[in-house]
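Reader: I would like to learn how to read a structure such as this one, feature by feature. Could we begin with the general idea each time and then turn to the case in hand?

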Amino acid sequence: MITLHSLPPAQNAPHSASPRPGLAARLLAEGERLLAAQRPAEALPLLQSAAEALADGRAWLLLGEASLQLNNPVAAAEAAAAARAVEGATPAVLVLAGRALLSMGRPEEALAEAAEAVMIDRHGHDVRLLLGQTLKACDRHDEALAVLGELWQEAPGDSGATLRLADALMHAGSHDAAAELLAHMLDNAALAGHARSQALLLRAQNALRRGNLEAALAAALAGLEETGADAALHTTAAHALLAMRRMGDAKPHLLIAHRLAPDDGYLAHLAASVGAFLPERADAQYVSRVFDGYAPGFEAALLGLGYRAPGLILRQFEALLPGLGAEYKLRNLLDLGCGTGLIGLVLHDVVAGSIKGVDLSAGMLAAAQAKGIYTELRQAEINAALLADQEQWHAIVAADVFIYFGTLEATLAAIGRRLAPDGWFVFTTEALDGPQAWELGETGRFRHSEAGLLQALATAGLEPVVLRREALRREGPAILDGFLVVAKRAL
Amino acid sequence: MSPPLAPFRLALSALSSGQTEAALPLLRQCLDRGEDVALAGLNLGIALTNLGHLAEAVPHLQAACLALPDLAEPRFRLGQIAGQQERIAAARALFHEALILEPEHVTSMAGLAMLDEAQGNADGALQWVAQALLLAPREAGLLVMQARFSEDVALCRALLSQGLGGVDAVKLAAQRLDLAELRAAASAAPLEWRWQAALGLAQLTAEEVEAGIAALRLACIFSDDAPELQGLLGLQLAEQRRDAEAEPLLAAGIAASHGDAELRASYALTLLRLDRLAEARLAFEAAIADFGPHPSLICNLALTLSNQGLQEEALRISDEGGDTVASLGCRMGIQPYHPIEGSAAALHRTASRLGAALPHPPRLPHPPGFDPERRLRVGFFGARLGRHPVGWLTLSAIEALPEAEIEVACYSLKTMDDALGRRFQARADLWRDLSPRLDDAALAAAIRADAPDIVVDLGGHGEGGRVTALAYRAAPVQIKWVGAQSATTGVPAMDWMLTDAWQTPPGSEAHYTEALLRMPDGYACYTPPPWAPDVAPLPALSRGHVTFGCFNNLSKITPAVLAAWGQILTTLPRARLILRTHALRDAPTRAALITRAAAAAIPLERLELHGPSSHEELLAAYAEIDIALDPFPYAGGLTACEALWMGAPLVAMAGSSFAGRHAVSHLNNIGLGHWVAEDVEGYVARAVAAAHSLPALAELRAGMRARMKASPLMDAPRFAANLTAALRHAWRLRCAQTQPLKPLSVQTERIKMLDKQKLIACAASRGAGKRL
């Protein structure tokens with residue numbers, strides 16, 4: 001149909017708007033309406049305009065709420081700061097700031113906000129909810145249980161409060177109590193929708209955390225029977241099966257979980273590790289999630305497994321550079337995938353200048369920081385860090401890092417560019433016997449062959465000085481075999 | 001005391017103060033009294049045009065042409081209306097006539113420019129605009145046209161910066177300026193509605209839906225809710241199917257711009273989707289009167305009438321769309337409900353007309369590498385891969401397809417983020433979201449890019465279905481399955497119809513443009529919803545009377561169906577009938593149904609009507625139903641399965657079309673074939689007999705779920721094995737085809753004539769398991 005409605009040319013075009021009384025209030029009301037209608041993305045620009053036009057903390061608080069719902073805690077924290085500037089540290093402002101910090105993985109700071117809020121409003125629901133959740137995130141489980149338990153007692157019929165208490169019980173290791181609470185909840189046939197799905201998931205996760213793998217699997221499968229396809233339940237089933245070493249049975253669950261949440265790098269990596277894909281390296285999200293989860297007990301676990309790489313690397317330096325430490329030192333050291341700082345711990349005596357650590361996991365970096373050895377610690381993906389780095393390094397170490405990479409060429413080339421002409425590059429990787437350059441194992445780690453390593457080094461302009469097999473650590477009853485490699489820039 | 005002003009004076013005063021509606025009775029009064037007839041007629045014509053009553057305006061404007069032979073304006077107005085009705089030659093002649101009378105009639109020049117633009121003559125359009133600008137150099141509307149025809153980006157930018165040109169300038173900027181520039185401009189002038197609106201439109205084009213809607217909303221607020229912007233936002237919300245939000249905005253837009261065809265069409269469609277059927281009907285009828293019989297208006301009016309249960313009127317209106325693909329596709333969606341034209345033979349006739357209007361791509365001989373036994377990539381194509389009859393009747397079978405033999409690809413035209421939609425995603429080895437904005441050829445090409453071996457259509461000619469895209473052939477083998485599977489598709493490149501012996505008994509072949517791919521049991525595999533309540537006890541036992549029920553949509557309730565129900569209720573003086581469907585929300589539609597029911601001798605005091613309910617509530621409502629009554633000639637598909645799952649046996653009548661035999665298939669597959677009648681007399685007798693055997697009914701009800709679970713209707717592994725065999729069979733035949741064949745209608749006949757076993761043996765001997 002031809003639209004001729006512009007003829008004659010429009011004479012009553014809307015006039016241009018300018019800031020005027022009432023406009024900001026209208027924006028705020030409309031933004032609030034959209035937020036209540038669960039359309040945070042549509043509410044956001046309206047609330048942004050309202051907040052900028054009004055000297056009103058409420059607009060900033062709503063903007064922060066929309067940002068949190070859109071998984072943007074940084075913007076939420078900024079909104080909380082703006083709200084604080086307008087109306088001071090009210091409980092609502094503190095709660096928003098605390099929730100944002102919690103979402104950013106900064107529970108201690110969130111707890112400080114929550115504590116301040118409780119000082120002002122001892123009985124406020126949102127205040128106590130934040131307090132309970134931050135205590136839980138800070139591993140102060142007894143206190144968290146006290147707060148969340150109190151909230152639950154005030155509203156025992158509230159499924160949200162019940163789920164939060166069950167979750168806190170699970171994190172506190174009170175698995176029986178969590179299971180009982182969830183069973184009671186699920187017995188209620190009227191419980192439906194999201195709350196029921198969450199209860200089913202928590203029941204399975206609780207069994208998994210308790211180490212009752214069969215029960216975890218059964219609960220996950222029962223949950224799937226009820227809810228249909230659900231990524232989190234499939235993931236839980238898969239974790240239970242992986243822990244039982246039933247890789248083949250875990251595979252379909254991981255595949256489905258990955259299909260349902262294709263943007264989740266952690267799931268993509270796990271699915272790949274059982275043979276669905278051939279990714280060129282582990283997803284950064286996977287690495288950081290795995291290690292954030294492991295960080296508190298990681299070092300003890302590794303050392304308990306007879307982790308030898310730091311010692312091997314130190315001895316290799318000493319063999320290559322007689323007199324190292326006593327007569328002279330390495331000018332500086334870049335520790336790629338530094339983890340909790342075991343390499344720094346072992347090598348810092350032989351380094352004269354700066355020691356820089358790079359890792360994806362904030363939890364690992366926090367543990368490295370506590371050692372007080374590193375001059376700089378950076379949370380970044382290795383390739384990104386190498387790209388941003390301007391230093392020339394006398395020594396670069398990558399211990400047990402390439403087990404998260406399949407194709408090495410690009411990373412090795414980037415390392416070559418940051419290596420001083422007289423610099424040393426030392427790394428370990430798990431060994432693969434076979435014709436291919438690398439493969440992704442069912443453990444989720446990559447293995448590399450000798451031929452593949454030589455080829456990758458040559459392509460990257462690096463020359464191997466040492467390449468030999470070494471036992472890296474125990475895995476179950478077996479000894480995990482790997483390669484120790486030292487390379488220099490090719491002339 | 002001064003004498004009262006003459007009506008004409010009063011009318012002019014009203015018009016000049018913008019009270020157009022108020023002027024109408026005064027101008028009509030002039031005509032009735034014979035006062036100032038010529039000018040009153042002209043002004044009445046102009047006023048009616050401005051109010052969007054184009055059809056009503058035409059005779060007044062034509063009279064004004066005769067009465068005022070030297071005046072350009074009535075000719076220009078008639079030309080404007082002709083242009084909106086796509087009568088291009090007439091519009092052009094009228095604009096030229098206006099210019100002969102008044103060579104400086106600027107708006108006629110602009111009208112000619114727009115006609116040239118519509119016909120792809122940008123140079124001609126530009127010349128007319130240049131001529132008009134000499135006379136009205138500051139006219140913003142002309143400047144917008146100049147920028148549009150000349151592709152002058154700088155002018156387009158300047159118009160927006162200077163606040164000229166209204167919504168037309170905004171639309172142009174959204175098309176011509178890139179997103180980054182629009183973002184920067186909107187950010188630099190955060191309270192300026194024009195840049196926000198242009199940014200919003202551009203974001204919507206770039207599929208940034210939430211951001212686009214938000215920007216348009218900001219523009220609306222910044223403009224103090226200018227009606228033009230409300231209309232613009234309403235159009236976008238309607239496109240997103242947010243009808244309740246869109247409706248008041250579209251109404252506001254129309255109030256300021258009655259002659260805007262796009263707003264009027266979208267508003268009427270929104271009313272249809274909101275089940276405000278009587279209002280939708282009026283809105284479509286008015287739009288057709290004012291803007292002409294545009295195919296989409298005709299189709300949607302026909303759909304509205306069909307939803308009201310007016311099958312006769314619906315089909316008559318759909319015929320006004322002519323023999324275009326869109327019109328015939330629409331007719332294929334409506335005709336199966338018609339009591340006479342819903343026969344298999346009549347549907348085949350329409351499908352053949354549709355086929356004649358569609359492409360006939362030749363079926364090429366298979367290229368080297370076709371292997372009859374290799375793993376097949378099978379694409380399932382539709383807009384309702386989720387909680388929809390398509391999901392309930394296909395999903396469990398698709399989930400059970402053997403992974404080693406079938407790679408499942410899903411081509412989804414609409415995101416369905418529900419429990420069933422996630423199950424489709426979970427099973428799909430390959431998932432593609434396709435934009436419904438793509439035209440048929442582009443859709444087929446998008447699917448073809450993945451090189452599926454077989455594509456299964458799950459949309460048909462129903463709402464959201466795009467079966468005509470497969471006319472451009474997306475895969476070497478194409479099969480029609482569930483999803484508005486009411487008749488043959490008529491699509492020449494559709495190779496097969498997946499069916500069963502109940503749906504298409506021997507002899508049905510003549511009514512299908514596809515070859516029939518018969519499953520050994522049923523054609524569908526039912527998944528009951530987990531939220532279905534338990535089967536309730538037979539209500540008649542406690543109530544002392546039988547309650548019949550039909551929860552099918554009103555499109556299926558024909559006069560003959562009502563008459564049969566009338567006979568049943570007359571024979572059983574205490575029996576009741578409950579109807580439950582969304583269209584009964586609409587009060588006029590409900591009232592019309594009551595009138596029709598009364599005419600069919602249904603005792604109204606024993607008739608209970610309910611509007612829409614949630615799926616859970618609908619299933620629970622079967623607790624009140626002893627016996628379900630299936631409609632005809634369009635039988636219940638999913639509704640039949642649901643009635644049975646809730647324990648209510650189904651009295652059905654066998655029709656001839658695919659839609660007419662859904663219940664025949666389902667009932668036979670659960671061992672209740674004797675509940676199918678062959679004619680109305682048998683249908684009534686079956687219902688009456690069942691009502692007289694309450695103990696038998698109670699027993700049947702109590703055992704219905706066990707019966708269904710044990711039947712092929714719900715045996716997903718068995719169905720999947722049969723489906724795999726059927727897909728393999730179709731593929732093997734395709735692999736055996738080594739010669740180029742003529743278009744499909746001929747080709748399918750050849751396939752039918754060949755000895756299929758020989759073909760399979762031939763293909764196998766040439767390299768089963770290897771690449772040929």
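Author: Let us start with the nonpolar core, which is a set of buried Ala, Val, Leu, Ile, Met, Phe, Trp, Tyr and Cys residues joined through C-beta atoms within 7 Å. Please keep in mind throughout that the model is predicted.

Reader: How many residues does the largest nonpolar core have, and which of them have the most contacts inside it?

Author: In soluble globular proteins, nonpolar side chains tend to be buried together. Here the largest nonpolar core has 343 residues, and those with the most contacts inside it are A:Leu96, B:Ala198, B:Ile454 and B:Leu650. If we leave aside the neighbours within four places in sequence, A:Leu96 is in contact with A:Leu61, A:Gly64, A:Ala76, A:Ala79, A:Ala80 and A:Ala83. There is also a second, separate core of 60 residues, which includes A:Leu330, A:Leu347, A:Ala367 and A:Val401.

Reader: Is strand S1 of chain B largely enclosed or open, and why?

Author: One judges this by counting buried residues, a residue being buried if 20 or more other C-beta atoms lie within 10 Å of its own. Six of the seven residues of S1(B), which covers residues 376-382, are buried, so this strand is largely enclosed by the rest of the structure. Strand S2 of chain B (residues 406-412) is also parallel to S1(B), and seven bridges join the two, with B:Gly382 standing opposite B:Ser412. Between S1(B) and S2(B) the chain passes through helix H23 (residues 389-399) of chain B, and this β-α-β crossover is right-handed.

Reader: In what order do the strands of the six-stranded sheet of chain B stand?

Author: This open sheet has the order S10-S9-S8-S11-S12-S13, with parallel pairing. Strand S10 (607-610) and strand S13 (676-677) of chain B are at the edges, and each has a single partner strand, so one side of each is left without a neighbour in the sheet. Within the sheet, two bridges join S8 (residues 547-550) to S11 (residues 627-629) of chain B, and B:Phe548 stands opposite B:Ile627 in S11(B).

Reader: Into which domains is chain B divided, and how many residues of domain 1 are in contact with domain 3 of chain B?

Author: Chain B is divided into domain 1 (293-357), domain 2 (376-519) and domain 3 (539-714). Twelve residues of domain 1 are in contact with 17 residues of domain 3 of chain B, and on the domain 1 side the elements that give two or more residues are helix H19 (295-307) and helix H22 (344-357) of chain B. The residues of that side divide into five nonpolar, seven polar and no charged. The centres of these two domains, taken over C-alpha atoms, are separated by 26 Å.

Reader: How many residues does each chain bring to the contact between chains A and B, and which helix of chain A gives the most?

Author: Chain A brings 33 residues and chain B brings 50 residues. On the chain A side, H2(A) gives the most, with six residues, and by class this side has 20 nonpolar, eight polar and five charged residues.

Note on methods. Residues numbered from 1 in each chain as written. Chains lettered and ligands numbered in written order. Predicted model: local features only at pLDDT ≥ 70, side-chain atom pairs only at ≥ 80, totals over all residues. Buried ≥ 20, exposed ≤ 12 C-beta atoms within 10 Å, placed from the backbone. Helix = DSSP H or I, 4+ residues; strand = E, 2+ residues; numbered from the N terminus. Pairing = 2+ DSSP bridges. Right-handed = clockwise from strand over helix to strand, strands pointing away. Domains from an automatic or database assignment. Contact = placed C-beta atoms within 7 Å. Nonpolar A, V, L, I, M, F, W, Y, C, P; charged D, E, K, R; others polar.
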